[in-house]
Amino acid sequence: MKPYERLPDTVTYNGKRYRLDMSYVAFFAVAELMQDKSLLDIVKVSGALEILVKGRHPVDPGLLTAIYDLIKEDR
């Protein structure tokens, strides 16, 4: 995949498809959130999912892992 090509905008996790915000703004916001040492890990996971997933979703670290795996696969 070339840097100027679009990233996938959905991920399937536990048999459900979730729509994603794969904008650079979202990635920078998640990166900043994950570096905040004052937050608990579950708060970081919840916040990252709120930023990246459009609509309802579980607060599940596995979903965040699936999103990261999708990005790594596609890159």
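**Core, helices and strands**

Tutor: The largest nonpolar core has 20 residues, and V11, L20, L49, V53, L63 and I67 have the most contacts inside it. A nonpolar core is a set of buried Ala, Val, Leu, Ile, Met, Phe, Trp, Tyr and Cys residues joined through side-chain atoms within 4.5 Å; buried means under 20% relative accessible area (1.4 Å probe, protein chains only). The model is predicted, with local features needing pLDDT of at least 70 and side-chain atom pairs pLDDT 80 or more, while totals for chains, interfaces and linings use all residues. Residues are numbered from 1 along each chain as its sequence is written, and side-chain values use heavy atoms, without hydrogens and water.

Student: How are two packed helices described?

Tutor: One gives the angle between their axes and the distance between the axes. Here the axes of α1 (residues 24-34) and α2 (residues 41-52) come within 9 Å and cross at roughly 175 degrees. Therefore α1 is roughly antiparallel to α2, a label for angles over 145 degrees. Axes are lines fitted to C-alpha atoms, for helices over the stretch in contact, with angles from 0 to 180 degrees between N-to-C directions.

Student: What is the sense of pairing of β1 and β2?

Tutor: Strands pair if DSSP finds at least two bridges between them. Strands β1 (residues 10-13) and β2 (residues 16-20) are antiparallel, over 4 bridges. T10 stands opposite R19 in β2, and the bridge partner of R19 in β3 is K54.

Technical notes
Helices (H or I, at least four residues) and strands (E, at least two) are DSSP runs, numbered from the N terminus. Angles under 35 degrees count as roughly parallel, over 145 as roughly antiparallel, 65 to 115 as roughly perpendicular and the rest as oblique. Buried means under 20% relative accessible area, exposed over 50%, partly exposed in between (1.4 Å probe, protein chains only).
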